[in-house]
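Here are my notes for a colleague who is opening this entry and has not worked with it before. Please read them with the sequence and the model side by side.

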Amino acid sequence: MSGADPSYWCPFAWLPPGEVHAGVLVEVEGTRITSVRTGVSDPPAAAVQLPGLTLPGLANAHSHAFHRALRGRTQSVPTGSAGAGSFWTWRDRMYDLAARLDPDLYYELAVAVYAEMVLAGITCVGEFHYVHHGPGGRPYDDPNAMADVLIAAARDAGLRITLLDTCYLTGGIGSPLTGVQERFGDGDAARWAARVDSLRDRYAGAEDVVVGAAVHSVRAVPADQLPTVAGWANTHAVPLHVHLSEQRRENADCVAAYGVQPTELLFDHGVLGPRTTAVHTTHLDDGGVGLIAGSDTTVCLCPTTERDLADGVGPAGALRRAGAELVLGSDSHAVVDMFEEARALELDERLVTGRRGHWPAGALLATVTEVAHRSLGFSDAGLIEPGARADLVSVRLDSVRTAGAEPAQAVDMVVFAATAADVDTVVSGGVRVVEAGRHRRYDDLASRLDAMVRALW
């Protein structure tokens, strides 16, 4: 892909504090926006003209890249197979896939998955990474080989990555890792931290990589190990993410083992806080909502995955009313489309409450731009303003889905009707990586994905 272009002219652009302006000229130097001018009716000859409505780059706050190979292969429940449609049976299929990965295969799959994200307007991904080691839990010669290939894949696809290295120690509360789960574990949190220290040192100073931390869940990290993971994240001032209350069984097991709900357990052991993002929170109780909001913990919902797995609809409205910030992720990649995730936040709440109009379109857009970037440690991204990362996403307003929008309605049209297929141009870190809806490096992306998924299965 070629280097950065000096300037971009947008017929319409969504600018802080959330307003659409006409005739916007965005000037870029290196990876940063240097100036933004509005009311420029005639585009300069040297400017690249972007069609439709230009948005900041989108951020996907929660990803498991290898889950993309499950798409279309876990949907149908065989006749007469009682219970085959649960999260737990889906997880067995996911473990089967995880057992097949090695560094070479994982790179080839991940670069295709991340390129699919870029085509959808995503310029930053939070990768919740737990397939650390080889079969039987034996470390590779480089214990961080699997993290390295994910970072390389993100760079080659053209997006930034927050590698959320995940501590995963038990197969359930009080149960050892078994089978493929052995690939996920480091023995204890101290050995996890020592390995991640090495990974963090490797990418120190990188402008496009943040090495953060994750607690897989209260099922996978014993209570006495939680402070070590939280302490590591706080010491290094990096994002800390955690799966929380995704399943009712998780809540019940936690109460049986510790006498408290998972949210309270995490709060008591220092996991919640301003740098923390709790993922899913589908089955929070009222006390959990209060602890999340009161600790300034961000919540990442993943509506397309949560509905795909029949997890349920999370308490997004209650969290918003309590003051918690919300972000979104595509998680298992049943769909890679942040517009679909954003509108699902509103539409699911309509189904739950029987009322419309919980979030204005601009607030939904913020969950996949500014707020999501901040949850991934890139607080200088997700806005089109001087000094911000030069990430621009142009969405066509003349497709069969978006035709008919007036400028004042453009954000509503994009959020509630556009799909990833309407993304025309993507500038990531000052470099055009998508043009006319095609990835400039991987023009054969569909065949590449097809070959990789078939190879894995």
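The numbered points below go through salt bridges, a helix, a surface patch and some backbone features.

1. Basis of the notes. This is a predicted model, in which local features need pLDDT of at least 70 and side-chain atom pairs count only at pLDDT 80 or more, while totals for chains, interfaces and linings use all residues. Residues are numbered from 1 along each chain as its sequence is written, and side-chain values use heavy atoms, with hydrogens and water left out.

2. Salt bridges in general. A salt bridge is taken here as a side-chain nitrogen of Lys or Arg within 4 Å of a carboxyl oxygen of Asp or Glu, and by this rule the count comes to 30 salt bridges. Among them is a network that links Arg32, Glu207, Asp380 and Arg389.

3. A buried pair. Arg195 and Asp186 form a salt bridge in which the closest N and O atoms are 2.9 Å apart. Buried means under 20% relative accessible area, exposed over 50%, and partly exposed in between, with a 1.4 Å probe and protein chains only. Arg195 counts as buried because its relative accessibility is 7%, and Asp186, with a relative accessible area of 14%, is buried as well.

4. A pair between two helices. Arg307 and Glu340 also form a salt bridge, with their closest N and O atoms 2.8 Å apart. Arg307 lies in helix α9 (residues 303-308) and Glu340 in helix α11 (residues 338-353), so this pair ties together parts that are 33 residues apart in sequence. Helices here are DSSP runs of H or I with at least four residues, and strands are runs of E with at least two, numbered from the N terminus. Arg307 is partly exposed at 45% relative accessible area, whereas Glu340 is buried at 18%.

5. A partly exposed pair. The side chains of Asp96 and Arg100 meet in a salt bridge at 3.2 Å, N to O. Asp96 counts as partly exposed at 29% relative accessibility, and Arg100 counts as partly exposed at 31%.

6. The two sides of helix α6. Within α6 (residues 248-258), the residues Glu250, Asn251 and Cys254 are buried. Because they cover an arc of only 100° around the axis, they are on the same side of α6; the arc is that of the directions from the helix axis to the C-beta atoms. Arg248 and Ala256 are exposed on the other side of α6.

7. A negative surface patch. Glu264, Asp268, Asp285 and Asp286 form this patch, where patches are made of residues with over 30% relative accessible area and no salt bridge, like charges being joined within 9 Å and nonpolar side chains (Val, Leu, Ile, Met, Phe, Trp, Tyr) within 5 Å. Glu264 is found in helix α7 (residues 262-268) and is partly exposed, with a relative accessible area of 34%.

8. Backbone features to check. A cis peptide bond, with omega about 5°, joins Pro16 and Pro17, and Pro17 lies in the loop between β1 (7-15) and β2 (19-29). His280 is not a glycine, yet has a positive phi of about 85°; His280 is found in strand β11 (residues 276-280) and is buried at 1% relative accessible area. Asp296, too, is a residue other than glycine with a positive phi, near 60°, and its place is in the loop between α8 (286-294) and β12 (298-301). Asp296 counts as exposed at 53% relative accessibility.

Key. Areas by Shrake-Rupley, 256 points an atom, 1.4 Å probe, with all protein chains shown as cover. Lys, Arg positive; Asp, Glu negative; His and termini not counted. Charge placed at Lys NZ, Arg CZ, Asp CG, Glu CD.
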